[in-house]
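Work through the following exercises with the sequence and the coordinates open beside you, and try each task before reading its solution.

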Amino acid sequence: MAIAYSVSSCIDDTFNKYQQEETGLLTFDVEVPNNWSNGLSRAATDISIKKMSQSDDAEPLYLVTEISEATVNAAASDAVTRGTPVTSTDKFYDNFGLSAICYTGEWPTEEPTDWSTNFARNLKVSKGTGTTWNTEEKLNWLGSGKIRFFAYSPYSATDKPENGINYSNTTIPTLTYTVPEDVKAQCDLMTAMEDCPGGQGGAVSLKFKHTLTAVTIKTGQKMLEGTITKVSLTGVHGKGTHQIGSDKWTTTSETTDFEVTLSLKLPEKENNTDTTPNEEKDIVDYTKPGEEIVDGELTFMMIPQTLPTDAKLIVEFTDSLTHTPRTLTAKLEGSEWPMGKKVAYSISSTGIIVEPIIDLKINHNDIWMNGEVPATKEEQNAYLPVSGYLHDVQLAAYAKVVQEGQATKNLAFSSVEIEYSTNNGNSWTTTQKGSDGWLPAPKPEDTATSTITDDDPVPFVSGSILLPAQDAFKELRDKATNATNGIFKIDEIKGSKTEYHDLVENNPVQKESANCYVINQPGYYKFPAWYGNTYQGKNGELAYTYNSSGAALDSLVLKKFVGHDDTPINGTKSIPNVHDAMLVWQDSPDLVTDIEYKDGWVYFYMPKEAFNQGNAVIAVRGNDDEKTILWSWHIWATYCDLEKFQESKAVNVKGQNFQFLCTNLGYCDPHGKGDERTIKIRFWGTMPNGTKQLITKNVSINDVPVKEEENGVFTFTQPGIVESTAGDNPYFQWGRKDPMLPGVYNAEILAKAPIGELYFDYDPLKIDYKEELDMENKVFYSTTNYKFTSAESGRSIGESIKEPHHFFIHRRPASDKDTLNNYLRRHWHNGEKTIYKQKTIMNFWNSQLDESGNTGSTELPNNKYVVKTIYDPSPAGYKIPPPSAFSKFANTLGATIPDKDLTDFHAILEKGVITGWNIREKDGGNLFLFPATGLRDMGIRYRDVEHGTWPAHSKLTFIASSGFKNEDNASSSCLLFSIDNRQANDNKNQHVGIIYGTNNAYGFTLRPIRERD
């Protein structure tokens, strides 16, 4: 009663009440089905075959009936003429009729008898600007209650019905449709129903659907050659009533005849002189699809119905052999014309129809470029990585065989081949088995049978697709493959699915766990889920425990290293409570796949098809509800040989020469650019008898059919590659174990830097501003949840462990006297609110470091022996060097050493751009190459955290040491080695900084040294 009362207060008003003021104007958006589908997906088409009765011919003929679904798409709108089926929103009619009922409470389960269309009644709605549709009489939102809209198209006036459509203003709007006898005048009647809150505002989205049945005629298989003269549908219901929003029609008792007179010459059938009976051979011969006879504007748009007793399909034609007029008649009694579906009739002399079907499922595992998910499913399906490699693919490839009087069978193809085109289909390349295309064949050897019933359909087979890679991607592989050390192999697989390669036991330098694992070839790998280098590490508990020496700066030393929860590890080397392992990010597509955690080990696969120089971060997550990251590891694919090193003239406290890693940690070579491009593919299936066939229909990708007019061709979009002039390497905030995303630059990037609209107080006259933001983030691949970006600084160690995808920054304050904000900008860490209660820590990368270093000094503690910690980012057998390891790169030490005080120092130029430096140590030392890979900037005044994190200063390289300098808590800093070639510094002079302090929040390059006893 309460509901009825509240509704009555709404329906007492006439709909004119809502057509006054223009505040809160009500408009409409239109969506319509994009196709009368014709068997375009795995289970979309129902096929039946039965014998026809006929005259003048004794040869048996069969009527083939296909009933298929329509699919949905939304786009912009335009109008078309009547008589043409609506196949997309841009072909929608230029108007529709609208009625609406306003009400409160819930819509009643039984149709109300005292309601009416009180909000709108058969108003004409026409196309406005853009995608918006407007009523001729203005409607406004109510602000409360609910509104149910009823729409139909094309519009027909109540007082002057047209198109055979008669609108009835019953309680629920109802249409009575009389099908015009002229097939070209028959409309594709469409309806929509939508519920909205009365105060929703904006545009109402009306999703129209086909309300009639589309009936088409096409040639069948093995038909006599000749000319079609007439097609008729006789004894069918031509008038019916439909309540908008329902799925039913009520027909009248009368029946009507419809016909199309035409002159259509049938296509010549293929020459086939072999008459030997062979069912399997016939199946192959008769798979070629027929030609449409009655379709397009000649489509019969009919009332959905169960066909009455006298319903017939009649086809009249004259055969070209005898020129005899013939009439073929098929009884349709009892068959269904379902609402909103397409019914296609064809005539066959074989009684057998074969539908080749390709159903492809591509799983990107929610990993996308830069963590950005493409907007639509079609765009997601069309995405092809720069490697050309689609790793996780499932394929069902078979022929659906339907025969009169027989059970439907599915006949699996013995193989499937993929052809591709990189020039828009002008030419095609057949993929080579085992090297590109479908890997492996879709029919595995262990498949028991190739012919099975619909109750047990052909299963999907897992595999991958390999298409052409971008040239820049291949360039990186070639550089690594051609490296003189020869350890980078792309065609040899390490380990196997049953025997994973142990990265600890097989490490060539030191059998210990680490935060970084170096990989030189594709394969199956595993490592233990242990904290950093705690597994068989040479330092034992010293990796996470400080042995107090009573030093003056003991308060700045972390006594017990902590995990993700900021509590001490306390000897528990194995990470507890692990739920799973997953990818955080990677800078080369599908570099690391199939990540799994099992029984204390992390397993992963590096496929040879995608293997390249690159970096990835793998993490294990906890079994809590948030799936908290407990630890993460850096995977570096490189030709860098851990057994080869560069020996320095500088020596440690034991008198041993420092031995540097051959290149920067995580470094990848320079490479050229590649423009975005499209790659088209199509499929060939091989039947069991060896016959190959191009599959032009029934192709779908992730349940989205390839459009029929595209002839089975699917188009991928392959992104471009940004040129990297100097190569790139990850950056590391001082004290953190996690690699931060690399940066790249080239002449184009240098020319357009800086991007002014992102700056708050950018001064274009300041050279240092111009030279600061002259790099861009390297493209990376991740899920949305682990998209690499920035986060606010002042974080604890545990928070840094839980967020390996976040670079911690804080916007530079306007005043250098702002102590708090300056600290947050310069230091990512603040643990005052944790259990360990320390704001500043000096022994992140040397567990036993407890003394402040000195600028420009090689004396202790700048040369204190480094005890590798669980936060050290280096691979097994290597560690972060002390400051003194860099002391031989100049004749003097200090923060500003001009080129006259340098040793053998040469900038490397590529097209006028400095891409690195060759520096020979004094005293006849080795020549070292330092790529100009810049740094990752900390917070600056003209950008803030919301704008993300960015690489910077292509002409300034910071290489961090394990050393630490403390003046007071606010100005403490790490010690580093730098190369500086900015124009703003001393009139273009090159500078090398040896052992001086800078802010811990920068993203640094690392050059580890080898562990030595």
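**Exercise 1: the chain as a whole**

Of the contacts in the protein chain with a separation of 6 or more, 73% join residues 24 or more positions apart, where contact means heavy atoms within 4.5 Å. The model is predicted, with local features needing pLDDT of at least 70 and side-chain atom pairs counting only at pLDDT 80 or more, while totals for chains, interfaces and linings use all residues. Residues are numbered from 1 along each chain as its sequence is written, and side-chain values use heavy atoms, with hydrogens and water left out.

Task: state what percentage of the 1013 residues is buried.

Solution: buried residues, those under 20% relative accessible area with a 1.4 Å probe and protein chains only, make up 57% of the chain.

**Exercise 2: a helix face**

Task: find which residues of helix α4 are buried.

Solution: start with residues 471-481, which form α4, a helix being a DSSP run (H or I) of at least four residues. Here Ala-472, Phe-473, Leu-476, Arg-477 and Ala-480 are buried. Seen down the axis of α4, the directions to their C-beta atoms fall within an arc of 150°, so these residues line one face of the helix.

**Exercise 3: an open sheet**

Task: determine the strand order of the sheet containing β60.

Solution: the order is β59-β60-β61, with antiparallel pairing; strands are DSSP runs (E) of at least two residues, and pairing requires at least two bridges. β59 (904-910) and β61 (927-931) each have a single partner strand, so one side of each is left without a neighbour in the sheet. Next, β59 pairs with β60 (residues 913-920) over seven bridges, and Asp-904 stands opposite Arg-920 in β60.

How values were computed:
Buried < 20%, exposed > 50% of the residue type's maximum accessible area, 1.4 Å probe, protein only.
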